[in-house]
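Work through the exercises below with the sequence and the 3D structure open. Each task is followed by a solution in steps.

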Amino acid sequence: MSTFTDRTQFQWRQRTVLAALGVALPAAPLAAGEVLKLKDGTSREGTIKRTPEGYDVTDSAGEVTHVDADNVKGIDLSAKAAVGAEAESRLASLRRSSENVADIKSIIERYDRFIEQNKQSPVGKEAERDAAVWHERQEKGMVKVGTRWVSPEEKSRIIEQGVSLAEEARQLMRAGRTKDADALLQQILTDDPADLAASYLRALVLYKQEQLQPARKLFDVVLATIKDHAPTLNNVAVICWRQNQQPGALNFYIQAMLAAPLNRAILNNVAEALNAMPQNQRGNNTFQRCARLFTEQDTVLQQQMAQQGWYRWGSTWVDKVQIEQLQAIEKEIQKKLDEMSGDYDDLKKKIGKIDDDIDDNVRRMKMMEDTSVGRDAQGNLFRLPLPRRYNDLADENRKLGQDRGELVKKADEMRAAAKQVQQRIPTPRFTMVQRLIG
């Protein structure tokens with residue numbers, strides 16, 4: 001039995017169960033040209049309709065014959081019906097694909113080809129009715145907004161409404177009402193998925209919710225239309241950095257700096273990124289290009305900011321009084337760190353000397369072990385007693401190991417103390433945070 005027959009019987013069983021539960025079911029027509037095979041060996045051909053109790057068959061003379069489901073063996077699809085079913089499938093596919101196309105002319109051309117291939121057929125007539133709808137939309141100058149076809153006037157209204165709602169959402173975000181803002185933004189994007197302002201703002205919301213990848217997709221919607229939108233390029237760079245894609249982040253920062261030269265927010269982020277870049281990645285071309293471009297632009301920006309009384313401090317800006325205080329504190333801290341560094345270097349040298357002594361003792365003990373082995377007259381191996389010096393060296397290594405442990409502990413304490421000294425500065429140069437442009 002064909003796959004179509006199996007599917008038909010399965011659907012009939014479903015309907016029978018629903019009917020038994022008291023669910024009213026409308027009669028469902030099947031394609032004309034089908035043959036209903038009965039268990040007694042006979043058959044009925046014509047237009048077949050399913051009913052809760054079985055099937056109604058209408059022959060070419062218009063006479064209806066009811067057949068109980070218990071008497072049905074199966075259904076065969078004739079060649080004519082098979083062609084019709086295939087055409088219906090292609091029409092359904094054409095309808096689905098048309099939903100994703102915004103060019104009415106292209107849609108009508110596809111329908112024209114389909115109609116030409118299915119002249120004088122029921123499916124062709126259906127396609128003609130569809131095409132008439134598209135011609136009417138074309139004559140009215142309708143355009144696609146989201147999933148809807150609307151008049152130019154309606155499109156303008158949707159855009160104006162989107163702008164108004166986007167501004168309302170922006171104000172809600174500023175007031176900390178992120179949930180309410182998100183609801184508005186989703187409403188805008190439901191009406192118009194390509195709304196750039198709503199896409200940008202909702203990306204900010206998703207980022208705050210730690211949904212980095214969905215936020216990135218919405219920022220990409222903006223970049224697909226405005227490729228040199230500096231704030232979006234900056235924000236994509238921040239997301240890339242959060243996702244441990246440092247070279248990719250620097251590449252987007254380069255594009256952002258080129259799109260908006262001397263932008264403070266972007267250059268502050270780049271300063272953070274360059275400072276945090278792992279040493280083993282600082283030799284690549286992307287890092288070098290980003291660093292050069294940053295230096296060129298930031299030099300000019302610092303000159304402009306100095307005229308206003310502001311000076312760069314790592315990734316932020318401070319006034320003249322602050323910069324003088326911070327530089328004095330940093331100088332004092334650096335002097336203390338230099339002293340601690342000298343003491344730390346002495347400790348490292350002592351630890352290195354102990355390591356060398358331990359290694360030397362181990363080599364000498366190994367030589368004693370090797371020379372203590374011999375063979376007797378019969379060729380059998382035997383071991384001579386190890387010299388007393390062997391035990392002395394072992395004791396010496398145990399003592400050296402204890403001394404080394406104490407020095408390592410002291411070195412760890414010095415590193416912790418150095419870190420505390422560095423934290424005494426009231427305004428750190430870098431925060432290790434790169435920020436979105438809202």
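**Exercise 1: helix H12**

Task: find which residues of H12 are buried, and what they pack against.

Solution. In H12, the buried residues (under 20% relative accessible area, with a 1.4 Å probe and protein chains only) are Phe 287, Cys 290, Ala 291, Leu 293, Phe 294, Gln 297, Asp 298, Leu 301 and Met 305. The model is predicted: local features need pLDDT of at least 70, side-chain atom pairs count only at pLDDT 80 or more, and totals for chains, interfaces and linings use all residues. Residues are numbered from 1 along each chain as its sequence is written, and side-chain values use heavy atoms, with hydrogens and water left out.

Next, look for the partners. These buried residues pack against H10, helix H11 (264-276), strand E9 (310-313) and strand E10 (316-319). Helices (H or I, at least four residues) and strands (E, at least two) are DSSP runs numbered from the N terminus.

Finally, check the length. H12 (residues 285-307) has 23 residues, which should span 33 Å at 1.5 Å a residue, and its end C-alpha atoms are 34 Å apart, which agrees. The expected span is 1.5 Å times one less than the number of residues.

**Exercise 2: helix H9**

Task: state how many residues of H9 are buried, and what covers them.

Solution. Of the 13 residues in H9, 11 are buried. Among them are Thr 232, Asn 235 and Ile 239. The cover includes helix H7 (196-208), helix H8 (212-225), H10 and H11.

Now take one residue. Asn 234 lies in H9 and has a relative accessible area of 0%, so Asn 234 is buried. Leaving aside neighbours within four places in sequence, Asn 234 has contacts (heavy atoms within 4.5 Å) with residues including Tyr 253, Asn 269 and Arg 435.

After the helix comes Asn 244, with a positive phi near 60°.

**Exercise 3: H9 against H10**

Task: describe how H9 and H10 pack.

Solution. Two packed helices are described by the angle between their axes and the distance between the axes. For H9 (residues 230-242) and H10 (residues 246-259), the angle is about 165° and the axes are 8 Å apart. The two helices are therefore roughly antiparallel, a term for angles over 145 degrees.

Then list the contact. Residues of H9 including Leu 233, Val 236 and Trp 241 meet residues of H10 including Leu 250, Phe 252 and Tyr 253. By class, this contact has 13 nonpolar, four polar and no charged residues. Ala, Val, Leu, Ile, Met, Phe, Trp, Tyr, Cys and Pro count as nonpolar, Asp, Glu, Lys and Arg as charged, and the others, Gly among them, as polar.

Note on methods. Axes fitted to C-alpha atoms, helices over the stretch in contact; angles between N-to-C directions. Parallel < 35°, antiparallel > 145°, perpendicular 65-115°, else oblique. Buried < 20%, exposed > 50% of the residue type's maximum accessible area, 1.4 Å probe, protein only.
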